[in-house]
Amino acid sequence: MPDNWGFVLAAYVLAAAVLLAYWRRLVRKERPLATHRPPPASRSSME
Amino acid sequence: MTTTLGWLAAAGLLAGLVMGFAVAPREATQGNVQRIMYLHVPSVWVAYVAFAVVFAASIVYLARRSAAADRVAHASAELGVLFTGLTIATGSIWGKPTWGTWWTWDARLTSVAILFVMYVGYLLLRGTLDEPERAARAAAVLGIVAALNIPLVHFSVYWWRTLHQPPSLMKPGGSSMPRAIVAALLVNFAAFSLLYLYFLARRVRVLRLEAEAAA
């Protein structure tokens, strides 16, 4: 049976691209939320 | 803790690549295209785990109305969809040179496609309902019902005549595969499991921060 390295490469590149894109999406979503979070001291004073 | 998990997952994925390409031998029947299995099989394993977590967290949510359980269910469903998508895509890429077709409507492939669509529906349902508590309740019910499809997916290869082969690793009587191939699979199982935990922790944190910002 031929080795079909093109298919192997396609599968690994696709998986790497999808997982990397998801990781970047998480980082992009988290960054503004974490920076605009009020500090714990001011939060407790608000309560 | 999350950062450590991330580095462990990255190291695991690197080890998985080394095991899959440098340690595991060329498979005698399929040739090197079999190396796609080191992605495909761990992906479906993580998808099963992710949907089982949705199931458990949905029960906890309905029993205790715990916002934390709802966030875990939401995050895990998203990851389940991601890894099911990867399973379908890598399986399709493997299927073309091996079976001669990208897709066939056999019982395993069809039941996985139904599973994928059900959890995409779960995420759409969450996005459609404006009231968070109502969305969480409806999603929890769907999360429990959809999980009933998992045994159907797993046992479909035994219950129906399928083109998809039965499990090679988790089968009665143990695996007959060479040790190096089993080891490569197990390392990739561990790496993908760590990656799932890392993504889950980060996604739950994002959902918590979003809820705090909205409050």
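Which residues of α2(B) meet which residues of α6(B)? In this predicted model, Y48(B), F51(B) and A52(B) in α2(B) meet I150(B), V153(B) and H154(B) in α6(B), contact being defined as heavy atoms within 4.5 Å. By class, five residues in the contact of α2(B) with α6(B) are nonpolar, one is polar and none is charged; Ala, Val, Leu, Ile, Met, Phe, Trp, Tyr, Cys and Pro count as nonpolar, Asp, Glu, Lys and Arg as charged, and the others, Gly among them, as polar.

As the model is predicted, local features need pLDDT of at least 70 and side-chain atom pairs count only at pLDDT 80 or more, while totals for chains, interfaces and linings use all residues. Residues are numbered from 1 along each chain as its sequence is written, chains are lettered from A and ligands numbered from 1 in the order in which they are written, and side-chain values use heavy atoms, with hydrogens and water left out.

Helices (H or I, at least four residues) are DSSP runs, numbered from the N terminus. Their axes are lines fitted to C-alpha atoms over the stretch in contact, with angles from 0 to 180 degrees between N-to-C directions.

| Helix pair | Crossing angle | Axis distance |
|---|---|---|
| α2(B) (residues 37–64) and α6(B) (residues 149–159) | roughly 155° | within 10 Å |
| α2(B) and α4(B) (residues 107–128) | about 45° | 13 Å |

The angle between α2(B) and α4(B) is about 45°. α2(B) is therefore oblique to α4(B), whereas α2(B) and α6(B) are roughly antiparallel to each other; angles under 35 degrees count as roughly parallel, over 145 as roughly antiparallel, 65 to 115 as roughly perpendicular and the rest as oblique. The crossing of α2(B) and α4(B) is left-handed, and that of α2(B) and α6(B) is left-handed, a term used if the near helix is turned anticlockwise from the far one by less than a right angle.

Y48(B), F51(B) and V54(B) of α2(B) make the contact with R108(B), L115(B), Y119(B) and Y122(B) of α4(B). Six of the residues in this contact are nonpolar, none is polar and one is charged.

**Interface of chains A and B**

In the interface, 25 residues of chain A are in contact with 36 residues of chain B. The two chains bury about 2,800 Å² between them, 70% of it on carbon and sulfur atoms; buried area is the accessible area (1.4 Å probe) lost on putting two parts together, summed over both.

Over all chains the structure holds seven salt bridges, each a side-chain nitrogen of Lys or Arg within 4 Å of a carboxyl oxygen of Asp or Glu. Four are found across the interface of chain A and chain B. R202(B) forms a salt bridge with E30(A), their closest N and O atoms being 3.1 Å apart.

Terms used
Helices (H or I, at least four residues) and strands (E, at least two) are DSSP runs, numbered from the N terminus.
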